[in-house]
Every structure is written in structure tokens, then in C-alpha cells.
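Here are a few exercises to work through with the model open in your viewer. Try each task before you read its solution.

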Amino acid sequence: MSEIQRNRTSVDIYGQQYVIVGSESSSHVRLVASLVDDKMREISSKNPSLDVSKLAVLTAVNAVNDYIKLTDRLERLENELNRVKDGK
């Protein structure tokens, strides 16, 4: 039985250090952390009075919203591709 390799990656998000443990590559984890940091700074610049916990929640809401939009678009594109393949 093979065990999944766990990588430990130190990242900085919005001035806080985190150690992320998971199976993704360190470069992938750093990319994700960088995108989260960028989004938090973008939201903070538009809403400077937000405390960190509210900022984190808004960042999560934005990320999930973007994810839902992308999955909906993917589903529409897959349906369109299937229609083209089926000649309809």
C-alpha cells in the first residue's frame, strides 16, 4: 500500500506565515498562496476598514464565486462541444 507523499511548504499570506501540508507541489502551493494574498490585498485596498477575519471571508466568497462561474462556463462549453460532436 503506497502512501501519498506530503509536502510541507511555507508561504506568506497577507503578512502571516503558514505551513501548508499536502500532496500538491511546493510551486503549486506557492502560486495558490500568492493568488490568495493578491486577492486579499485587492479587497483590502477597496475596503481598508475591514478586519482580517472579514477580509478572509470576503476573499473566500470571491474565490468560490469565481470557481462557480468557471465550472458553469466549463459545463456550457462541454455541452456545446458534445452538440457539435453529435452534429446537432
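Which residues does UniProt place in the feature "coiled-coil region"? The unreviewed entry puts that feature at residues 60–87; UniProt positions follow the numbering used here, feature names are shortened, and annotations may be inferred rather than shown by experiment. Now check the coordinates: the end C-alpha atoms of residues 60–87 lie 40 Å apart, and the span is 96% helix and 0% strand.

Some ground rules before going on. This is a predicted model, where local features need pLDDT of at least 70, side-chain atom pairs count only at pLDDT 80 or more, and totals for chains, interfaces and linings use all residues. Residues are numbered from 1 along each chain as its sequence is written, and side-chain values use heavy atoms, leaving out hydrogens and water.

**Exercise: sort the side chains of β1 by face.**
Step one: find the strand, β1 (7–13); helices (H or I, at least four residues) and strands (E, at least two) are DSSP runs, numbered from the N terminus.
Step two: N7, T9, V11 and I13 point to one face and are buried (under 20% relative accessible area; exposed is over 50%, partly exposed in between, with a 1.4 Å probe and protein chains only).

**Exercise: track down the contacts of M40.**
Skip residues up to four places away in sequence, and M40 touches I13, Y14, L55, A56 and T59, with contact meaning heavy atoms within 4.5 Å. Next, look at Y14: this residue sits in the loop between β1 and β2 (16–22). Y14 has a positive phi of about 50 degrees, though not a glycine. Because its relative accessibility is 24%, Y14 counts as partly exposed.
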